[in-house]
Number of protein chains: 2
Amino acid sequence: MLDKPKRDRRAERHEATKAEILDAAWAQVRAEGLAALSLRDLARTVGMRAPSLYSYFESKHAIYDAMYAQGTQQFVDAQRALYPLPDEPLDALKAGMRFFVEFCAADAARYQLLFQRTIPGFEPSAASYRIAEESLAEVAELLTGFGITDPEMLDLFTALTTGIADQQLSNDPGGDRWIRLIDDAAEMFYEHTTRRAERHQLGRTTR
Amino acid sequence: MLDKPKRDRRAERHEATKAEILDAAWAQVRAEGLAALSLRDLARTVGMRAPSLYSYFESKHAIYDAMYAQGTQQFVDAQRALYPLPDEPLDALKAGMRFFVEFCAADAARYQLLFQRTIPGFEPSAASYRIAEESLAEVAELLTGFGITDPEMLDLFTALTTGIADQQLSNDPGGDRWIRLIDDAAEMFYEHTTRRAERHQLGRTTR
DNA sequence: GTCTATATTTGGATAGAC
DNA sequence: GTCTATCCAAATATAGAC
């Protein structure tokens with residue numbers, strides 16, 4: 001029988017190289033645009049020729065998919081760092097919005113890959129997509145915890161939040177022109193939903 | 001002296017062919033994605049070979065630029081059709097939001113070209129860009145007419161509106177899941193800004 | 001104005017030697 | 001695992017005949 005070592009040094013090295021390739025890929029899309037990822041250039045950056053990349057990823061889409069998985073993982077991790085949330089619902093809402101907008105604003109290429117899907121023909125693998133879905137479901141739970149249960153209000157909230165992120169990225173990249181509006185936007189939304197809920201409550205009791 | 005005809009039939013035909021090419025280009029980007037415009041395919045569609053396109057447009061970017069100009073013109077025209085606006089500010093606000101969201105939702109490729117700029121290396125020509133800027137300035141005037149003069153409120157309004165358009169296009173293309181929220185969103189924004197203005201008014205008089 | 005022919009570049013991907 | 005060599009396809013663009 002062969003002695004099986006506890007660590008597979010070859011596998012470790014393989015994973016390390018994959019990570020290195022992905023790092024270089026992120027750098028390239030940040031510099032040249034998400035759609036401008038080129039296997040030739042990518043290989044050169046990490047000191048290889050293009051065909052060697054195929055020892056690590058079976059296709060260009062597989063690289064995008066791995067990047068997508070990394071991005072969603074970063075989202076999940078950053079989201080976890082949000083807790084514990086402030087007790088005050090409004091403060092928690094502000095924190096949630098701020099988290100999302102700043103996460104988006106921090107990396108335009110990542111935002112495009114995760115939330116905009118402008119790569120022709122790219123669909124994240126089912127496994128990657130599921131993680132992203134679960135993570136967004138957590139946002140819904142967050143709102144539910146504040147008594148915001150109306151699905152339309154959830155849609156309104158996502159529209160408001162992505163709108164701020166989108167305008168920040170499109171019209172003031174690197175700045176804070178829309179980030180500064182987050183607290184005000186959260187107050188606007190919160191007041192609206194609570195008023196709405198009261199109205200509905202009232203409508204029910206008077207009937 | 002040569003007799004100069006009043007109409008230049010050759011020029012007319014040239015413009016007609018240009019228009020035909022642009023129509024085919026729109027069809028192609030709607031079907032395949034904005035970035036997937038191919039001169040070969042485009043030429044085939046209009047019954048030419050690729051090099052013949054260069055008699056009408058000096059480059060691929062020139063085609064994108066002409067499309068950009070058409071898109072902004074469509075925006076301006078549609079905007080003009082909005083008038084006269086309802087007297088009631090809230091109703092006018094709703095009409096303005098609805099106009100913008102529906103204009104965006106009507107054509108994802110156009111939205112991407114005009115407002116998202118995902119074509120690597122493409123910048124609209126100065127002339128085209130100026131038209132777009134003027135048109136958006138009109139939106140600002142619209143709000144100013146309602147007493148919404150705070151530039152931050154204008155930014156909040158654009159964020160809310162583009163957010164609705166973006167979510168509609170990203171998550172329910174062809175549907176109306178976010179379009180249905182427009183009136184509610186306008187009310188939310190309107191109440192927020194009027195309350196805010198009152199507060200500021202109050203703060204000034206009590207000082 | 002349109003064509004053929006071609007230049008040139010670039011892209012992703014594969015075969016097979018080492 | 002990495003390389004060279006190559007394939008294949010597609011892209012934009014130009015030259016020059018007709």
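This is a predicted model: local features need pLDDT of at least 70, side-chain atom pairs count only at pLDDT 80 or more; totals for chains, interfaces and linings use all residues.
Within chain B, helix 4 (residues 89-105) packs on helix 7 (residues 151-171) at an angle of about 40°, and their axes are 9 Å apart. The angle makes helix 4 of chain B oblique to helix 7 of chain B. The crossing of helix 4 of chain B past helix 7 of chain B is right-handed. The residues that make this contact are listed by helix below.

| Helix of chain B | Residues in the contact |
|---|---|
| Helix 4 | B:Leu93, B:Met97, B:Phe100, B:Val101, B:Cys104, B:Ala105 |
| Helix 7 | B:Phe157, B:Leu160, B:Thr161, B:Thr162, B:Ile164, B:Ala165, B:Gln168, B:Leu169 |

By class, 11 residues in the contact of helix 4 of chain B with helix 7 of chain B are nonpolar, three are polar and none is charged.

Over all chains, a search of the whole structure finds 20 aromatic pairs. One of the pairs is A:Phe75 with A:Phe99, whose ring centres are 5.2 Å apart; their planes are at 50°, so the pair is tilted. A:Phe75 belongs to helix 3 (residues 60-80) of chain A and A:Phe99 to helix 4 (residues 89-105) of chain A, so the pair ties together parts 24 residues apart in sequence.

Note on methods
Residues are numbered from 1 along each chain as its sequence is written. Chains are lettered from A and ligands numbered from 1 in the order in which they are written. Side-chain values use heavy atoms; hydrogens and water are left out. Axes are lines fitted to C-alpha atoms, for helices over the stretch in contact, and angles run from 0 to 180 degrees between N-to-C directions. Helices (H or I, at least four residues) and strands (E, at least two) are DSSP runs, numbered from the N terminus. Angles under 35 degrees count as roughly parallel, over 145 as roughly antiparallel, 65 to 115 as roughly perpendicular and the rest as oblique. A crossing is left-handed if the near helix is turned anticlockwise from the far one by less than a right angle, and right-handed if clockwise. Contact means heavy atoms within 4.5 Å. Ala, Val, Leu, Ile, Met, Phe, Trp, Tyr, Cys and Pro count as nonpolar, Asp, Glu, Lys and Arg as charged, and the others, Gly among them, as polar. Rings of Phe, Tyr and Trp (its six-membered ring) pair if their centres lie within 6.5 Å; planes under 30 degrees apart count as stacked, over 60 as edge-to-face and the rest as tilted.
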